[in-house]
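Here are some notes to read alongside the model. Take the points in order, and keep the 3D view open as you go.

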Amino acid sequence: MKPATDYKIVKTGDGTFTARSAQFDECYHSTKDGALNESLKKHVEPAFSLIDPSKKELVILDICFGLGYNTLATLHYIQSRNISKKIHIVSPEFDEALVRSLHAFPYPEEFEKYLPIIGKISECGYYEEENIEIEVIFGDARDFLKTTTFVFDIVYQDAFSPKKNPSLWTKEYFSNLASHLAPDAIITTYSSATPVRMGMVESGLYVYTPPSTKVRSGTIASPSSKLPLPSIDMALKKVRNPSAKPLYDDDLK
């Protein structure tokens, strides 16, 4: 495990801060779109706009916890809109030292009221209050998916890029993920790469163009074929580019 000091704090386009991982040589967020904007516009807002509003409880998988932006942005979103739901966020994260350091990270003012929460998470990886439960699972996300019994309503697919962390973007990974999804689950991701989308489709998921926002587009995926979004025809993509294929585990050997 790399030490928690093995990252560099970077200011992003919306004025909020992210970090650059020395191990992966990549930032945790888009420096152009901004750390807070990316979490809200690529993940939280699209997911909550598409999920069944009648659901009283939501189980959310945040891949991976990282700096905690997606989790904190979820709390900010639901509380600023007075959304009354029970929220259980589960987030695997292999870099325990990073999480232990987050009490000192320069979060945006939107997260100021949640600093006691991030302090508790950095201390013990867990936080609970009425209607909110957050669990950080220290370890490999794929190992977690092999053993968990959770069924997820929302997944923030926000690992480091396929180029830097390919094991969390393979067809086999998505197949395992798909086995833990509610029938109307929403997966959000910043990636629009053809191998990623094909891996999702070969795992029984449907892929869609996300709602238009002020940040660069990614992909929405779901077991449901009935989302109110433009569907992406990956069969046509395959016809036009016969060599296109998902990333497979065997490609990583």
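How many bridges join strand 1 to strand 2, and do the two run parallel or antiparallel?

1. Strand 1 and strand 2 (residues 17–21) are joined by 5 bridges and run antiparallel. Please keep in mind that this is a predicted model. To find the pairing on screen, look for Ile9, whose bridge partner in strand 2 is Ala19. These strands belong to an open sheet of 3 strands, in the order 1-2-3, with antiparallel pairing. Strand 1 (7–11) and strand 3 (26–27) are its edge strands, each pairing on one side only.

2. Asp25 lies in the loop between strand 2 and strand 3. Its phi is near 50 degrees, a positive value in a residue that is not glycine. Most residues other than glycine have a negative phi, and most peptide bonds are trans. The relative accessible area of Asp25 is 44%, so the residue counts as partly exposed.

3. **Strands 4 and 5.** Strand 4 (residues 57–63) pairs with strand 5 in the parallel sense, over 5 bridges. Within this pairing, Val59 stands opposite His88 of strand 5. Is strand 5 largely enclosed or open? Of the 8 residues in strand 5 (residues 86–93), 7 are buried, so the rest of the structure largely encloses this strand.

4. The peptide bond from Ile63 to Cys64 is cis, with omega near -10 degrees. Cys64 sits in the loop between strand 4 and helix 2. In the loop between helix 2 and strand 5 you will find Asn82, which has a positive phi of about 55 degrees although it is not a glycine. Asn82 is exposed, with a relative accessible area of 70%.

5. **Salt bridges.** The structure holds 12 salt bridges. One of them pairs Arg216 with Asp33, with the closest N and O atoms 3.5 Å apart. This pair links distant parts of the chain, 183 residues apart: Arg216 is in the loop between strand 10 (206–208) and strand 11 (219–222), and Asp33 is in the loop between strand 3 and helix 1 (35–50). Which of the two partners is buried? Asp33 is, at a relative accessible area of 8%, whereas Arg216 is partly exposed at 44%.

6. Glu45 and Lys41 meet through their side chains in a salt bridge (3.2 Å, N to O). The two residues are 4 places apart in helix 1, so about one helical turn separates them. Lys41 is partly exposed, with a relative accessible area of 28%. Another salt bridge joins the side chains of Lys253 and Asp250 (3.1 Å, N to O). Both ends of that pair are exposed: Lys253 at 80% relative accessibility and Asp250 at 55%. Elsewhere, salt bridges that share partners join Asp33, Glu38, Lys42 and Arg216 into one network.

7. **Ile118.** This residue belongs to helix 4 (residues 115–124). With a relative accessibility of 2%, Ile118 counts as buried. What does Ile118 touch, leaving aside its neighbours within four places in sequence? Its contacts are Phe65, Leu72, Leu102 and Tyr107. For a sense of scale, Ile118 and Glu202 are 84 residues apart in sequence and 37 Å apart in space, C-alpha to C-alpha.

8. **Helix 7 and its cover.** In helix 7 (residues 194–202), the buried residues are Val196, Arg197, Met198, Gly199 and Met200. What covers them includes helix 6 (171–178), strand 9 (181–189), strand 10, strand 11 and helix 8 (234–240). Just after helix 7 comes Gly204, with a positive phi of about 90 degrees.

9. **The largest pocket.** How much space lies in the largest pocket? It holds about 660 Å³. Its lining has 39 residues, and the closest to the centre are Glu26, Cys27, Tyr28, Ala159 and Phe160. Strand 3, helix 1 and helix 2 (69–80) are the elements that each give two or more residues to this lining. By class, the lining has 16 nonpolar, 12 polar and 11 charged residues.

Definitions and conventions. Residues numbered from 1 in each chain as written. Heavy atoms only, no water. Pairing = 2+ DSSP bridges. Salt bridge = Lys/Arg side-chain N within 4 Å of Asp/Glu carboxyl O. Buried < 20%, exposed > 50% of the residue type's maximum accessible area, 1.4 Å probe, protein only. Contact = heavy atoms within 4.5 Å. 1 Å grid on protein atoms, 1.4 Å probe; cavity = no way out; pocket = protein on both sides within 12 Å on 5 of 7 lines; lining within 4 Å. Points joined across faces, edges and corners; volume = space filled by probe spheres on them. Nonpolar A, V, L, I, M, F, W, Y, C, P; charged D, E, K, R; others polar.
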